[in-house]
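Please look through the sequence and the structure before reading on.

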Amino acid sequence: MKVLESGENYLETILVLNKQNNNETRAIDVCNSLGFSKPTVSVMLKQLRENGYVTVNEKGFLSLTDKGFEIAKKVYERHNVIAELLMAIGVSRETALKDACKIEHDISDETFTQLKIQLEKLK
């Protein structure tokens with residue numbers, strides 16, 4: 001299964017929430033973070049579990065598998081770099097974060113690498 005944009009958003013959200021919550025993230029936390037209903041989140045988490053990207057322990061805490069973590073880490077890095085670069089060129093924080101969330105899924109590896117290089121030059 002190729003993870004689509006929505007799946008990438010879920011994986012990235014779980015990564016961020018696990019960092020904030022000491023690896024004690026539940027489905028309801030994902031609902032609250034993304035603003036989606038419990039049934040919607042449940043369906044996506046089931047697909048991510050069935051395809052080996054997420055596990056749920058006996059207490060209901062979500063964990064990323066190795067392959068889920070790799071995707072989440074890549075998307076999270078892209079999000080941060082793009083947002084930081086946009087802010088560095090004068091885009092407001094709010095707009096930069098929103099735009100980064102859209103761009104992070106569609107940008108090529110080549111373009112992303114060049115954006116990282118340009119961001120380093122700006123620093």
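The model is predicted, and local features need pLDDT of at least 70, side-chain atom pairs count only at pLDDT 80 or more, and totals for chains, interfaces and linings use all residues. Residues are numbered from 1 along each chain as its sequence is written, and side-chain values use heavy atoms, with hydrogens and water left out.

A nonpolar core is a set of buried Ala, Val, Leu, Ile, Met, Phe, Trp, Tyr and Cys residues joined through side-chain atoms within 4.5 Å; buried means under 20% relative accessible area (1.4 Å probe, protein chains only). The largest such core has 17 residues, and L11, L48 and V54 touch the most other members. Two or more residues each come from α1 (5-20), α2 (27-34), α3 (38-50) and β2 (62-64). Helices (H or I, at least four residues) and strands (E, at least two) are DSSP runs, numbered from the N terminus. With 5 residues, α1 gives the most to this core. A second, separate core has 10 residues, including A96, I107, F112 and L119.

The largest pocket holds about 330 Å³ of space. N9, E12, H79 and C101 are among the residues that line this pocket. The largest share of the lining, 6 residues, comes from α1, and α1, α2 and α4 (66-88) each supply at least two. The table divides the lining by residue class.

| Class in the lining of the largest pocket | Residues |
|---|---|
| nonpolar | 6 residues |
| polar | 5 residues |

Conventions:
Buried means under 20% relative accessible area, exposed over 50%, partly exposed in between (1.4 Å probe, protein chains only). On a 1 Å grid over the protein atoms alone, a cavity is a set of points where a 1.4 Å probe fits but cannot get out, and a pocket is an open set with protein on both sides within 12 Å along at least five of seven lines; lining residues have an atom within 4 Å of a point. Grid points are joined across faces, edges and corners, and a volume is the space filled by probe spheres set on the points. Ala, Val, Leu, Ile, Met, Phe, Trp, Tyr, Cys and Pro count as nonpolar, Asp, Glu, Lys and Arg as charged, and the others, Gly among them, as polar.
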